[in-house]
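Me: I am new to this structure and would like to go through it by question and answer. Please show it first.

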Amino acid sequence: MTKIALKTIGTVFMLCVFGIFTSCNEKANAENLVLNSETMTETVINFSNKPPFEQSEEFISYWYAGEAEISSYQLEQVRYGEIHDGSAVLVYVTEDFLPEKQVKADNFNTSNISVLKLNATKKFNTGIYPYSIMQSTFYPVSNTKHAIKVSCSVQEWCGHAYTQLNNKDQFEIKTHSYFEREADQNVTLDKTILENELWAQLRLDPKSLPLGELNVIPSMEFIRLKHIECRAYKAIAVLKSNNYSITYPELGRTLNINFNMNFPFDILGWEETYKDGYGINAAILTTKATKLKTIKSAYWRKNSNADETLRETLQLK
């Protein structure tokens, strides 16, 4: 699968994920408003001077053992004004990443960046036809930069859509869709916080999560499914015990992520509430994901028919 570095690269190429931030200047973009979870006092952390994440022996043993963490979830997904049963899987794994090409490195090199990759997948049916969604986020383990790259694909019988953000001097976003008004687009945007990377940042250190009144790019999945403008929206982020929540007043949407308060801060489930549907069928509904099972596995080597028993362990059909 990959050759994984045992130490975080101290100096990381300045990168960030998916967004547009039109209401603040460049200095504001370099800072995140956070709330100290112990003293409950607001402080401003200068992102460029943030110290690298300090990896403990426990962290190294768990994340650099040559295995991925795979968690399965029972899914109740909102779509077309109804709730649809399905399954979700979160796959976390560390990888060596090339900062310039922004792809997984084939070979170890000191110039590589160690990232925590999250592949988040969903599968559910809407009536006769199925949906398949996957989002990939590549977040530096240093925890001093935004994600290097984010992508999202949505497939269903009408067609498929794909979005990819590459973090360069600015965000370079390419989108492809079968919808006329979205079609093929190339967009360059300024940088800001994005929802996709928060799922990886939480796994490193929940107390480092941005809190308070923020400008946040919603998940690529939500942007694609709701066909909203790709930009930052005002949001309020709160960390209480084992729950991290983000509310977007303009979108009428709230995301709640429940996690284990102890290392490795695994995701126990999540809820996403917003209005969905058309006309009289439109209603405020909640997508829910409840954890079924977690395993550690070098799954890229588990590709024989005999390995299908692992799907049974994960309670996946």
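Me: Where does P264 lie?
Reply: This is a predicted model, with residues numbered from 1 along each chain as its sequence is written. Local features need pLDDT of at least 70, side-chain atom pairs count only at pLDDT 80 or more, totals for chains, interfaces and linings use all residues, and side-chain values use heavy atoms, without hydrogens and water. The peptide bond from F263 to P264 is cis, with omega near 10°. Helices (H or I, at least four residues) and strands (E, at least two) are DSSP runs numbered from the N terminus, and P264 lies in the loop between β15 and β16.

Me: How many strands does the protein have?
Reply: The protein is 317 residues long. Its helices number 5, and its strands number 17.

Me: What percentage of the residues of the protein count as buried?
Reply: Buried means under 20% relative accessible area, exposed over 50%, and partly exposed in between (1.4 Å probe, protein chains only). Strand β12 (residues 212-217) is mostly covered, with 5 of its 6 residues buried. For the protein, the buried share is 51%.

Me: Which side chains along β15 are buried?
Reply: The side chains of β15 alternate between two faces.

Me: What is the bridge partner of I246 in β15?
Reply: Two strands pair if DSSP finds at least two bridges between them. Strand β14 (residues 243-248) and β15 are joined by 6 bridges and run antiparallel. In their hairpin there are 4 residues between the strands, and G252 takes a positive phi near 60°. Across this pairing, the bridge partner of I246 is L255.

Me: What is the bridge partner of F259 in β16?
Reply: β15 is also joined to β16, by 6 bridges, and the two run antiparallel. In β16, F259 has as its bridge partner I267.

Me: Which residue in β12 stands opposite L194?
Reply: Strand β11 (residues 193-194) pairs with β12 over 2 bridges, in the parallel sense. Opposite L194 stands I217.

Me: How many residues does the largest nonpolar core have?
Reply: A nonpolar core is a set of buried Ala, Val, Leu, Ile, Met, Phe, Trp, Tyr and Cys residues joined through side-chain atoms within 4.5 Å. Those with the most contacts inside the largest core are L90, Y92, W199, L202, Y244, I267 and W270. The largest share of this core, 5 residues, comes from α3. The residue count of the largest nonpolar core is 62.

Me: With which residues is W199 in contact, leaving aside its neighbours within four places in sequence?
Reply: Contact means heavy atoms within 4.5 Å. With those neighbours set aside, the partners of W199 are L90, Y92, L118, L255, I257, I267 and W270.

Me: What volume does the largest cavity have?
Reply: On a 1 Å grid over the protein atoms alone, a cavity is a set of points where a 1.4 Å probe fits but cannot get out, a pocket is an open set with protein on both sides within 12 Å along at least five of seven lines, and lining residues have an atom within 4 Å of a point. Grid points are joined across faces, edges and corners, and a volume is the space filled by probe spheres set on the points. There are 3 cavities of 30 Å³ or more. The volume of the largest cavity is about 250 Å³.

Me: Which strand gives the most to the lining of the largest cavity?
Reply: The largest cavity is lined by 18 residues, with A120, K122, Q135, W199 and E221 nearest its centre. β4 (82-97), β5 (113-126), β6 (129-140), α3 (195-204), β15 (253-259) and β16 (267-276) each supply at least two residues of this lining. With 4 residues, the one that gives the most is β5.

Me: What volume does the largest pocket have?
Reply: The largest pocket is lined by 34 residues, and nearest its centre lie S87, V89, R311, L316 and K317. Among the elements supplying at least two residues each are β17 (283-297) and α5 (309-313). The volume of the largest pocket is about 820 Å³.

Me: Is N143 buried or exposed?
Reply: Most residues other than glycine have a negative phi. N143 has a positive phi of about 60° although it is not a glycine, and lies in the loop between β6 and β7 (149-156). Because its relative accessibility is 3%, N143 counts as buried.
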